[in-house]
Amino acid sequence: MESERPGSSSTSSKAFSFISKSWREVRDSADADLQLMKNRANSFKNLASSFDRELENFFNSASTFSVSSIKSSPSSSGMEINFVKKFQPKFSEFRRVYSAPEISKRVLEKWGPRARIRLDLSAIRNAIVSELDKERDRNGIIEFDRGKRGREFWGEGEEQWEPIRTLKTRLKEFERKRELSVEDLFGGFKSSDFVEKVKSRLKAICKEPQDSQEVPPLDVPELLACLVRQSGSFLDYFGVRRDICDKIVEGLCSKRKEQLLLRSLSAGESTLLENDNINDELDLRLASVLRSTGHHYEGGFWTDFAKYDQSEKKRHVAIVTTASLPWMTGTAVNPLFRAAYLSKTVQQNVTLLVPWLCKSDQELVYPNVTFSSPEEQESYIHNWIEERIGFKAEFKISFYPGKFSKERRSIIPTGDTSQFVPSKDADIAILEEPEHLNWYHHGKRWTDKFNHVVGIVHTNYLEYIKREKNGALQAFFVKHINNIVTRAHCHKVLRLSAATQDLPKSVVCNVHGVNPKFLKIGEKVAAERELGQQAFSKGAYFLGKMVWAKGYRELIDLLAKHKSDLNVLKLDVYGTGEDAQEVQSTAKRLDLNLNFQRGRDHADDSLHGYKVFINPSVSDVLCTATAEALAMGKFVVCADHPSNEFFRSFPNCLTYKTSEDFVARVKEALENEPQPLTPEQRYNLSWEAATQRFIEYSELEKVLNNDNADANSGRTNGKIIKKSVSMPSINDVVDGGLAFAHYCFTGNEFLRLCTGAIPGSRDYDKQHCKDLHLPLPQIENPIYGW
């Protein structure tokens, strides 16, 4: 561009420089700038209606450029600008080419990155300056040389041409911004959206990791805490108790705990740490880290996902037990009541799976009652339970093959018990005595087939085994076998009392109730006492299966030691069993004041008049007879033992620690009257309360209500993180390996026989096939078959 002529203002130079810069940007951006020019032209047309006419003249102007005359009149707003007609290149051609839908290859090449656009703007400058020298005006608002000619050309006040007035305003703003300092320039952008977005991005980059959306990785203490917590079962074998493991985990996570707590307090959020629930917080931490990596845990080598579809409206609950009526044992009666009350409470499909014994075994187990078909026994069971509960029990009864072991005095399942629950109903399983059911279980893993498996421990097998020959050695092996099978086949284990061994995944809770018949007897006794009638006319009694382990050894020892102190006590004993003859001969030899009677139902009318129930047994997990005696309003004298922990809250329960305490408690009970039960105490003894406790402690309510996402999830930064599907667990891998090893072990008949299994119990026999209408089992090597 040529050098500026004398008389041109600095503002004019800056304006031309600005126009030149705009054209250079057009050259560099090509398509984008051309579209921008078109949009700006349209916007410029809308500024004023008068400018539309001038714009048309501008695009339709001539191809040559010369300035013949420029006239400015205050009264003429539609003046013609002649110098535009000679502007090159022609704008009409320019508009026609670049407003087309497609730009030709020739145009693209012409306006490519390397093309140069040469535009001579000196003619425009010379024409404007020459006309300014010729024309003069009296009052100019903004001028290039502040002369009269400029004022005449540009116009004044309201008479100015709208585009010219807008151009002068823009030039003023441009000049003002050029004079601003760098600080003032940025200060003008403080309120713009662009600057706010930039500031927010910079803030996100510079903020602390815990405040950002990215989840920080696990640190070394957290990894160690996870390892210690998941290895708790192994450490237990080496004498490291669970409480010590919990303290180690808490110590490792203490730093992280303080950070999370401070963060939650500063943000006004609630956190699980307020309840010192460090395990849940650690689980959520693991889940958030794994989720941030995109990892989704789909199970391991041992896991089977062909499970029951939870989308159905009604869920299925299968209760599997080791005994059945008419055998009046705890594992036959209590699961039956549980099935009835669960079907009533949770309104779900419930199936009770009980063992079916062949005729020869029935004669050994069932007193004076045998069944020719499963349907006949099913009818007997339904009639018995409905007579006692007073409502229609809406549950199904199924059978699996079983054999009676004389040595163990219990029923052992044969074959794969899990296959007798159809896959379409394999949703929730309740294993009554899970260790007993799985000692020789050779079949599908329960946790693989069912969505949720709960084990209920009824019997203190270690206490029974210790009384046998080489009992200490046997108890050692049985303890570890019980740990293995319960870990491998259960999600949750409920122990009726702390008298049982501390099994993995277990909690202590009494989930047994009392037959409603006994509560009605207690209400009747309380009503008679209110009327002034004598409710109890007899003294003390003991009731239980007549085997030494059921408390007969302790009873005879206490009475023999304090025979002189209890000479006034005449004790009636009700029971039958394998050790009946030996127990009676021992009592006769010691000259004890015991009156032995045949066993009978505890609700029998002949037992209502007794005031004191004596139960010195320490082998029971939770004595059903003790609960029944309390429900009937009687005194109960029992040992201060974990098995009786649940009964201590009742005022009629008198516990003793020493033999001298036993004598004092017996005399106290004989000399006083028991207190009537309160409504709350009666409810705590009922099956309704027991069912509610079971639903709570087994997490069955959450499972039935499809709340696993809430039970196995937490809230972090307002988002719910699911834990169960996100986190692989060492325990899951170990449990699967133990299940596989146990499966291999129980598949070998020789190893089964070495551990005391019934011969041929790996598979059900032909008689079972006939009775239960089962297909004949495959014939395999009886010794080495797998």
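Reader: In this predicted model, by about how much of the helix are Glu749 and Arg752 separated in helix α33?
Author: Helix α33 covers residues 749-754, and Glu749 and Arg752 lie three residues apart within it. Their side chains meet in a salt bridge, with 3.9 Å from N to O, and both Glu749 and Arg752 are buried. Because they are three residues apart in the helix, the separation is about one helical turn.

Reader: Which residues do salt bridges that share partners join into one network?
Author: Side chains of opposite charge can pair when their charged atoms come close. A search of the whole structure finds 24 salt bridges, and where such bridges share partners they link into one network made of Asp640, Glu645, Arg648 and Lys657.

Reader: How many residues apart in sequence are the parts that Arg409 and Asp579 tie together?
Author: Arg409 forms a salt bridge with Asp579, in which the closest N and O atoms are 3.5 Å apart. Arg409 sits in the loop between β3 (396-405) and β4 (410-413), whereas Asp579 belongs to the loop between β10 (571-574) and α25 (580-589). The pair therefore ties together parts whose distance in sequence is 170 residues.

Reader: Is Arg388 buried or exposed?
Author: Arg388 forms a salt bridge with Glu387, the closest N and O atoms being 3.7 Å apart. Glu387, at 61% relative accessibility, counts as exposed. Arg388, at 12% relative accessibility, counts as buried.

Terms used:
Residues numbered from 1 in each chain as written. Predicted model: local features only at pLDDT ≥ 70, side-chain atom pairs only at ≥ 80, totals over all residues. Heavy atoms only, no water. Salt bridge = Lys/Arg side-chain N within 4 Å of Asp/Glu carboxyl O. Buried < 20%, exposed > 50% of the residue type's maximum accessible area, 1.4 Å probe, protein only. Helix = DSSP H or I, 4+ residues; strand = E, 2+ residues; numbered from the N terminus.
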